[in-house]
Amino acid sequence: MIDFRSDTVTKPTQAMREFMVKAEVGDDVFNEDPTVNELQRRVARMLNKDAALFVTSGTQANQVSVQAHTQPGEEVICDYHAHVFNYEAGAAGMLAGVQLHPLLGHYGHPSLEQISEVVRPADDHYPRTRLICLENTHNRAGGTIFPLEEIKRISAFAKAKGLKMHLDGARLWNASIATGISLAEYAQYFDSVSLCFSKGLGAPLGSIITGTQEFIQRAHYYRKAYGGGTRQVGIVAAACLYALDHNITRLQEDHLHARMLAEALGGCVGFKLDKNAIQTNIIITEVTNSEFTADKVVQMLKEKGILALTVGNSKIRFVTHMDVDRAKIDQAIKIITSLFG
Ligand SMILES: *Cc1c(COP(=O)(O)O)cnc(C)c1O
């Protein structure tokens with residue numbers, strides 16, 4: 001099977017597993033796991049932040065961050081298609097007790113004008129706006145990159161208003177590789193940044209949060225409350241360290257593969273693609289052929305050995321990643337062209 005459903009399906013390689021076996025470990029709830037500590041120091045340095053905290057998943061990274069920035073009843077501004085709004089099981093309401101205020105952004109990225117319009121005035125009728133949560137790259141919008149200039153404007157506005165900024169950077173690695181803008185340059189505009197190792201970086205699990213020492217201390221408390229305090233987890237942190245050394249620059253291959261696949265799909269009958277949205281490793285295409293639903297197309301692809309996901313009723317998502325090499329891309333293009341070309 002050629003699996004384009006997500007970059008989360010990547011499996012740890014033999015070399016990564018061998019590196020994991022050799023990890024020195026300790027009790028991480030006591031901050032005594034040397035491999036976790038090394039990973040946290042290293043990522044904090046990469047993002048030029050004071051501190052970092054290793055967590056179990058991207059959802060936990062975002063939710064612990066939301067909780068650490070807010071009080072119950074406060075409001076968090078995000079994009080309408082944001083992961084934190086759509087794909088985290090309603091946790092922000094359930095756990096942090098905050099209200100999300102979604103905005104329909106351009107390619108997943110709300111503008112300063114949209115954001116400034118919904119910041120609540122000081123009046124007891126309203127919830128208090130506390131946090132702005134951005135996503136880069138944007139998953140549901142198709143791996144789209146948040147323009148740095150707009151991030152700067154939003155960040156300056158947030159500072160002036162006393163609002164906090166959180167970045168869901170599950171795929172910030174992809175944004176950085178695609179633009180040449182460093183992780184630190186992106187991170188300087190946010191109070192906290194979360195990143196995932198289990199997507200394009202190929203680790204079996206693990207995410208990390210970065211921010212000030214004081215923020216990370218609070219996050220450490222909430223991580224425990226959220227059930228994310230784990231013990232000899234250096235064995236997993238080792239996979240993430242391995243991924244930092246070996247799997248970041250290669251993301252450009254995934255981006256090239258996405259462009260190749262998008263090109264092929266764009267040439268097929270019954271698919272409509274927005275070329276401007278193909279910026280990293282995610283392709284979302286609309287199925288416009290009246291004979292086939294998106295479900296039917298996914299089924300036809302599956303019968304030929306290609307896995308993809310439907311998005312809503314009429315769209316299909318393909319994600320390129322390290323477990324689909326060039327030969328498999330060529331093979332997939334051949335199959336897709338023979339079915340729909
Ligand atoms: C995958 C993802 C996450 C985290 O997902 P988990 O499955 O909880 O690790 C968060 N944000 C974005 C944008 C994602 O794509």
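In which strand is the place of Asp3? Asp3 sits in strand E1, residues 2-3. Strands (E, at least two residues) and helices (H or I, at least four) are DSSP runs, numbered from the N terminus.

Before going on, the ground rules. This is a predicted model, where local features need pLDDT of at least 70 and side-chain atom pairs count only at pLDDT 80 or more, while totals for chains, interfaces and linings use all residues. Residues are numbered from 1 along each chain as its sequence is written, and side-chain values use heavy atoms, with hydrogens and water left out.

Back to Asp3. Its relative accessible area is 13%, so Asp3 is buried; buried means under 20%, exposed over 50%, and partly exposed in between, with a 1.4 Å probe and protein chains only. The side chains of Asp3 and Arg5 are joined by a polar contact of 2.6 Å. A polar contact is a pair of N or O atoms within 3.5 Å; within protein, one must be able to donate a hydrogen and the other to accept it, and residues adjacent in sequence count only if both atoms are side-chain atoms. Beyond four places in sequence, Asp3 is in contact (heavy atoms within 4.5 Å) with Val9, Leu307, Val319, His321 and Val324.

Next, the ligand. Which residues surround the ligand? They include Ser57, Thr59, His83, Glu135, Asn139 and Lys199, and being near here means having a heavy atom within 4 Å. An N or O atom in the Thr59 side chain is 2.5 Å from a ligand oxygen. For Asn139, a polar side-chain atom lies 2.9 Å from an oxygen atom of the ligand, and for Lys199 the distance from a side-chain N or O atom to a ligand oxygen is 3.0 Å. Helix H3, residues 58-69, supplies the largest share of the shell, three residues.

The largest nonpolar core has 53 residues, and Leu39 and Phe197 touch the most other members. Such a core is a set of buried Ala, Val, Leu, Ile, Met, Phe, Trp, Tyr and Cys residues joined through side-chain atoms within 4.5 Å. Helix H11, residues 234-246, gives the most to this core, eight residues.

Last, Ser198, in the loop between strand E7 (192-196) and strand E8 (207-211). Is Ser198 buried or exposed? Its relative accessibility is 15%, so Ser198 counts as buried. Among its contacts beyond four places in sequence are Asp7, Thr8, Thr10 and Pro204.
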